[in-house]
Amino acid sequence: INTYPEDPWFMQNLINLYISSGDNNKAIELLDMAINREPNVGQYHMIKGQVYSVNLKDFQAAFASYEKALAVEPNNADIIYAFGAAYHDYGKDILEKATYIEDKKTYEQELLKAEEAFKNALPYCEKAYELNPDNYDFKTALLQIYARLHMDDKYSALMGE
């Protein structure tokens with residue numbers, strides 16, 4: 001990295017190594033370094049968001065990273081999908097934690113928070129699918145959101161495509 005700072009290949013591979021080895025903090029540190037070097041590469045922000053959402057379950061930090069990624073590349077279907085997937089995962093995380101809540105009122109509030117997360121995921125998943133309807137993951141994510149939000153007509157129409 002220091003010998004060839006203009007070549008992102010070394011940095012990217014080291015980031016991947018830290019992510020795959022589970023050293024998320026070091027991966028984020030290198031992602032920040034990469035972002036400082038190349039601030040207009042949305043992929044770095046997206047990967048940072050994925051580390052936060054998938055590995056660390058820090059959804060607020062993930063959303064901030066995805067916002068930055070979209071500011072750089074607003075029509076990148078992969079970034080849009082990742083943002084929607086993070087909201088979906090956030091909703092699932094809320095639901096999983098809610099299963100252990102005994103107070104009915106608190107439980108119902110958590111269900112509403114989860115539903116709101118799924119609603120937030122919807123426009124991102126729809127946009128990603130619109131940009132790339134041949135992508136299986138985009139379609140599957142959209143179907144999951146439609147199912148979770150009881151949008152049966154849209155679910156059936158998409159299944160029929």
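Tutor: A salt bridge is a side-chain nitrogen of Lys or Arg within 4 Å of a carboxyl oxygen of Asp or Glu. The model above is predicted, so local features need pLDDT of at least 70 and side-chain atom pairs count only at pLDDT 80 or more, while totals for chains, interfaces and linings use all residues. Residues are numbered from 1 along each chain as its sequence is written, and side-chain values use heavy atoms, with hydrogens and water left out.

Student: How many salt bridges does the structure hold?

Tutor: The structure holds 8 salt bridges, and one of them joins the side chains of Glu-29 and Lys-26, at 3.1 Å from N to O. Glu-29 and Lys-26 are 3 residues apart in helix 2 (residues 24–37), which means that about one helical turn separates them.

Student: Which elements make up the protein, from the N terminus on?

Tutor: The elements run α-α-α-α-α-α-α-α, that is, 8 helices and 0 strands, where helices (H or I, at least four residues) and strands (E, at least two) are DSSP runs numbered from the N terminus. Taken along the principal axes, the C-alpha atoms of the protein fill a box of roughly 55 × 40 × 25 Å.

Student: At what angle do helix 4 and helix 5 pack?

Tutor: Two packed helices are described by the angle and the distance between their axes. Helix 4 (residues 59–72) and helix 5 (residues 77–98) pack at about 165°, with their axes 10 Å apart, the axes being lines fitted to C-alpha atoms over the stretch in contact, and angles running from 0 to 180 degrees between N-to-C directions. Helix 4 and helix 5 are therefore roughly antiparallel (an angle over 145 degrees). Among the residues that meet are Phe-59, Phe-63 and Tyr-66 in helix 4 and Ile-80, Phe-83 and Tyr-87 in helix 5, contact meaning heavy atoms within 4.5 Å.

Student: How do the axes of helix 7 and helix 8 cross?

Tutor: The axes of helix 7 (residues 136–148) and helix 8 (residues 152–159) come within 8 Å and cross at roughly 155°, so helix 7 and helix 8 are likewise roughly antiparallel to each other. The contact is made by residues including Leu-142, Leu-143 and Tyr-146 of helix 7, together with Tyr-155, Leu-158 and Met-159 of helix 8.

Student: Which residues form a nonpolar patch on the surface?

Tutor: Tyr-4, Trp-9 and Phe-10 form that patch, with about 340 Å² of accessible area together (Shrake-Rupley method, 1.4 Å probe, only the protein chains shown counting as cover). Patch residues have over 30% relative accessible area and no salt bridge, with nonpolar side chains joined within 5 Å and like charges within 9 Å. Trp-9 lies in helix 1 (residues 8–21).

Notes
Angles under 35 degrees count as roughly parallel, over 145 as roughly antiparallel, 65 to 115 as roughly perpendicular and the rest as oblique.
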